[in-house]
Amino acid sequence: MLRRLGAVSAQAINVETHMLKLYGFPLSNYYNKVKFALLEKGVPFEEVLVHWGAEGKEGKSPLGKVPYIETEDGFLCESQVILDYIEARWPSPPLVPADAWQAAKVREIITYCDLHVELCARQLYSQAFFGGSLPEKFIERVKGDLARNLAAFAKVARFEPYAAGDTFTMADCAVYVSLPLAALASKLVCGQDLVAAAGIDWKAYVALIEQRPAAQKVAADRKADQARALAANRAKLGG
Ligand SMILES: N[C@@H](CCC(=O)N[C@@H](CS)C(=O)NCC(=O)O)C(=O)O
């Protein structure tokens with residue numbers, strides 16, 4: 001990767017810089033949001049496996065969350081901040097429309113997806129995916145919140161056929177990795193797929209997105225990591 005330096009001399013010079021590193025693990029939806037965007041843009045990057053609870057994240061991602069990236073300028077965390085950095089640094093191919101209004105609408109969908117849908121559904125993951133048990137009252141409250149938030153999300157997102165309209169954008173990087181989790185978690189814990197109940201045909205949407213080689217790579221790596229996590233869990237329980 002080459003980076004153009006500023007006015008060091010009349011002639012701008014190119015120096016080789018280190019490749020962008022993406023830290024996290026392929027089961028993480030937010031990790032996959034960033035990975036999907038990097039793959040779509042053809043940005044060279046190196047994946048560095050960092051698991052939940054792994055030591056040493058604090059200095060790089062102060063809340064200890066993944067993903068975070070390392071660039072020649074330092075570390076950066078929060079998936080949306082990272083996506084916006086990637087977009088600014090590697091504008092082509094664009095994942096955000098040039099028009100300011102349309103670009104804002106893309107980011108509106110992402111905020112609704114990450115903040116109001118995924119973060120709400122996340123409260124169900126411990127029971128849905130990790131063998132935990134949640135109090136009935138808590139589940140009822142989350143179910144109500146999630147149903148309300150999904151009804152609002154369904155008004156903001158377009159699915160025509162992409163999340164923001166007729167063009168693939170970074171909204172799809174966010175929606176593709178998180179919406180199925182909300183659907184599965186609500187089905188498993190609340191007994192109802194609340195995404196489908198909100199009128200969103202997320203299975204058809206996922207099938208559309210998975211026609212893209214970048215999505216296929218993200219999905220294949222996620223499945224492999226899921227198999228690894230299951231085997232590790234079984235070994236832990238067995239030992
Ligand atoms: N707002 C963050 C959320 C990232 C996040 O929640 N990552 C999860 C994995 S999917 C994580 O690292 N959880 C560990 C923790 O919360 O301690 C982002 O968009 O990057």
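1. Helix α5 meets helix α6 through I139, K143 and L146 on the α5 side and A182, S186, V189 and C190 on the α6 side. Contact here requires C-beta atoms, placed from the backbone, to lie within 7 Å. Helices are DSSP runs of H or I with at least four residues, strands are runs of E with at least two, and both are numbered from the N terminus. The residues of this contact divide into 5 nonpolar, 1 polar and 1 charged. In that count Ala, Val, Leu, Ile, Met, Phe, Trp, Tyr, Cys and Pro are nonpolar, Asp, Glu, Lys and Arg are charged, and the others, Gly among them, are polar.

2. The model is predicted: local features need pLDDT of at least 70, side-chain atom pairs count only at pLDDT 80 or more, and totals for chains, interfaces and linings use all residues. Residue numbers start from 1 along each chain as its sequence is written.

3. The axes of α5 (residues 136–156) and α6 (residues 170–190) are 11 Å apart, and the packing angle is about 145 degrees. Axes are lines fitted to C-alpha atoms, for helices over the stretch in contact, with angles running from 0 to 180 degrees between N-to-C directions. The α5 and α6 crossing is left-handed. A left-handed crossing has the near helix turned anticlockwise from the far one by less than a right angle, and a right-handed one has it turned clockwise.

4. Helix α6 also packs against α1, at an angle of about 150 degrees and with the axes 9 Å apart. The two helices, α1 and α6, are therefore roughly antiparallel to each other. Angles under 35 degrees count as roughly parallel, over 145 as roughly antiparallel, 65 to 115 as roughly perpendicular, and the rest as oblique. The crossing of α1 and α6 is right-handed. From α1, the residues N29, N32, K33, F36 and A37 meet M170, C173, A174, Y176, V177, S178 and L181 of α6. By class, this contact of α1 with α6 has 8 nonpolar, 3 polar and 1 charged residues.

5. A further partner of α6 is helix α8 (residues 202–209): their axes come within 10 Å and cross at roughly 140 degrees. That angle makes α6 oblique to α8. The crossing of α6 and α8 is left-handed. In α6, D172, Y176, L179, P180 and A183 meet W202, V206 and I209 in α8. The contact of α6 with α8 has 7 nonpolar, no polar and 1 charged residues.

6. Two strands pair if DSSP finds at least two bridges between them.

7. Strand β5 (residues 68–71) pairs with β6 in the antiparallel sense over 4 bridges. A hairpin is formed by β5 and β6, with 2 residues between them. T71 has G74 in β6 as its bridge partner, and E70 stands opposite F75 in β6.

8. The ligand is surrounded by S28, N29, Y30, W52, G64, K65, V66, P67, E78, S79, Q80 and D114. By class, the shell has 4 nonpolar, 5 polar and 3 charged residues.

9. Some backbone details deserve a check. E78 is found in the loop between β6 and α2.

10. The peptide bond from S92 to P93 is cis, with omega near -5 degrees, and P93 lies in the loop between α2 and α3 (100–121). The bond from E160 to P161 is cis as well, with omega near 0 degrees; P161 is found in the loop between α5 and α6.

Definitions and conventions. A residue is near a molecule or strand if its C-beta atom, placed from the backbone, lies within 6 Å of it. Two residues are in contact if their C-beta atoms, placed from the backbone, lie within 7 Å.
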